[in-house]
Amino acid sequence: MEKVVIIGTGCAGLTAALYIARANLNPLVLTGLMPGGLLTTTSIVENFPGFPEGIDGYELMTRMQKQAERFGARVQFATVESVDLSKKPYSLIVDGEKVEAETIIIASGAGHRHLGLESEDLLEKKGVTYCATCDGALPMFRNQPLVVVGGGDSACEEATYLTRFGSVVYLIHRRDSLRASRIMAERTLANPKIKPIWDSVVTEVLDVKQDKVTGVRVKHLKTNAESTLDCAGVFVAIGHVPNTQIFKGVVDMDENGYISRKEGSQTNVPGVFVAGDCSDHVYRQAITAAGMGCAAAIDAERYLAALSQ
Ligand SMILES: Cc1cc2nc3c(=O)[nH]c(=O)nc-3n(C[C@H](O)[C@H](O)[C@H](O)COP(=O)(O)OP(=O)(O)OC[C@H]3O[C@@H](n4cnc5c(N)ncnc54)[C@H](O)[C@@H]3O)c2cc1C
């Protein structure tokens, strides 16, 4: 039986793995389909402390894995298909095999909701992005017109943040008013660099032929009229989807699927802890996910210590 199984090898899972391994608890760490997590999909990470020149996302995650393995973490390329947390030891079905565990740390992350356009996928990292805090300061976006898609708090935050870098920020929203909280909506609309484009959706990101973002094709939902807008970046902010489906009905979560924390990193199930973006709809950064991974590891370690007394 495993003492600790960690689900996920993003910043949260690998930081948890490092701490658990250093406590001599020899964790089993399961990668899922994206070893290294979301950060492996970005080229340069400029805001992870300790790397003044920035660091390639893939390299950072490879280093995190090596650091955890150095102390005994066993990283396995495998996906958790289902869990049974109704009795101890807990059991997980991992690529068809049963694994039993005393404690589990869920660090399964969250994906960005996509517009669902082929051109969006083809131009990801070539001007299409899902995180203004991560990418807004990149040289390619400086003093250029930028587009934010969405109308909630995140879209408003992204748009406001991007006004520091872009020459103008078009906020494209499918309705005729923002869904964001009132104060956030008022502040956003009062910003002279933000130009809302109401009742509209992006139907294509341009220009796949040039292999970079040069603009968007926009459709007005009331008139069906199509137009194009020049821009150097498209920031999609239409929500996130936490990777928590396998815990539905078993581990408490909010209406959007983010796992709820009771005390520290503890979930409603004793001995099951959570860390990172699958439990965080507010910060969603590498460093916050890593910090939560550390907290979950310490909580799991203390839980196991209390059991053995
Ligand atoms: C393009 C891009 C650029 C970014 N740039 C930055 C940046 O510059 N700075 C910054 O701070 N943040 C950045 N972020 C955000 C950052 O990547 C996330 O906040 C961080 O990765 C969250 O870490 P996590 O461990 O919670 O989840 P993730 O990194 O999403 O990792 C989740 C892990 O869980 C695994 N998993 C999921 N389901 C299962 C399962 N059923 N079984 C087993 N494993 C499973 C996945 O395979 C993956 O390994 C960026 C995000 C994106 C998309």
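1. In which loop does Pro89 lie? This is a predicted model, and in it Pro89 is placed in the loop between strand 6 (80-84) and strand 7 (90-94). The peptide bond that joins Lys88 to Pro89 is cis, with omega at about -10°.

2. A cis peptide bond is also found from Leu206 to Asp207, where omega is near 15°. Asp207 belongs to the loop between strand 14 and strand 15 (215-220). Asn24 has a phi near 60°, which is a positive value in a residue other than glycine. Asn24 sits in the loop between helix 1 and strand 2 (28-30).

3. On the overall fold, the protein chain holds 7 helices and 19 strands. Its radius of gyration is 21 Å, close to the 19 Å that the globule rule gives for 309 residues, so the chain is as compact as a globular protein of that length. The C-alpha trace spans about 65 × 40 × 35 Å along its principal axes.

4. How many residues surround the ligand? The shell has 34 residues, and the closest are Thr31, Met34, Asn47, Asp277 and Ala286. By class, 17 of the shell residues are nonpolar, 15 are polar and 2 are charged. Helix 1 (11-22), strand 9 (110-112) and helix 7 (286-307) each contribute at least two residues to this shell.

5. Asn47, one of the closest residues, has a side-chain N or O atom 2.8 Å from a nitrogen atom of the ligand. From the backbone, an N or O atom of Val80 lies 2.9 Å from a ligand nitrogen atom, and an N or O atom of Thr9 lies 3.1 Å from a ligand oxygen atom. The ligand on its own has 1,000 Å² of accessible area, and the protein covers 94% of this.

6. The second largest pocket deserves a separate entry. About 240 Å³ of space lies in this pocket, and 14 residues line it. Which of the lining residues lie nearest its centre? They are Leu115, Val149, Arg174, Val201 and Ile238. Strand 14 (residues 200-206) gives the most to the lining, with 3 residues. By class, the lining of the second largest pocket has 7 nonpolar, 4 polar and 3 charged residues.

Terms used: Residues are numbered from 1 along each chain as its sequence is written. This is a predicted model: local features need pLDDT of at least 70, side-chain atom pairs count only at pLDDT 80 or more; totals for chains, interfaces and linings use all residues. Side-chain values use heavy atoms; hydrogens and water are left out. A residue is near a molecule or strand if one of its heavy atoms lies within 4 Å of it. A polar contact is a pair of N or O atoms within 3.5 Å; within protein, one must be able to donate a hydrogen and the other to accept it, and residues adjacent in sequence count only if both atoms are side-chain atoms. Accessible areas come from the Shrake-Rupley method with a 1.4 Å probe; for residues, only the protein chains shown count as cover. Helices (H or I, at least four residues) and strands (E, at least two) are DSSP runs, numbered from the N terminus. Ala, Val, Leu, Ile, Met, Phe, Trp, Tyr, Cys and Pro count as nonpolar, Asp, Glu, Lys and Arg as charged, and the others, Gly among them, as polar. On a 1 Å grid over the protein atoms alone, a cavity is a set of points where a 1.4 Å probe fits but cannot get out, and a pocket is an open set with protein on both sides within 12 Å along at least five of seven lines; lining residues have an atom within 4 Å of a point. Grid points are joined across faces, edges and corners, and a volume is the space filled by probe spheres set on the points. The radius of gyration is taken over C-alpha atoms; the globule rule is 2.2 Å times the number of residues to the power 0.38.
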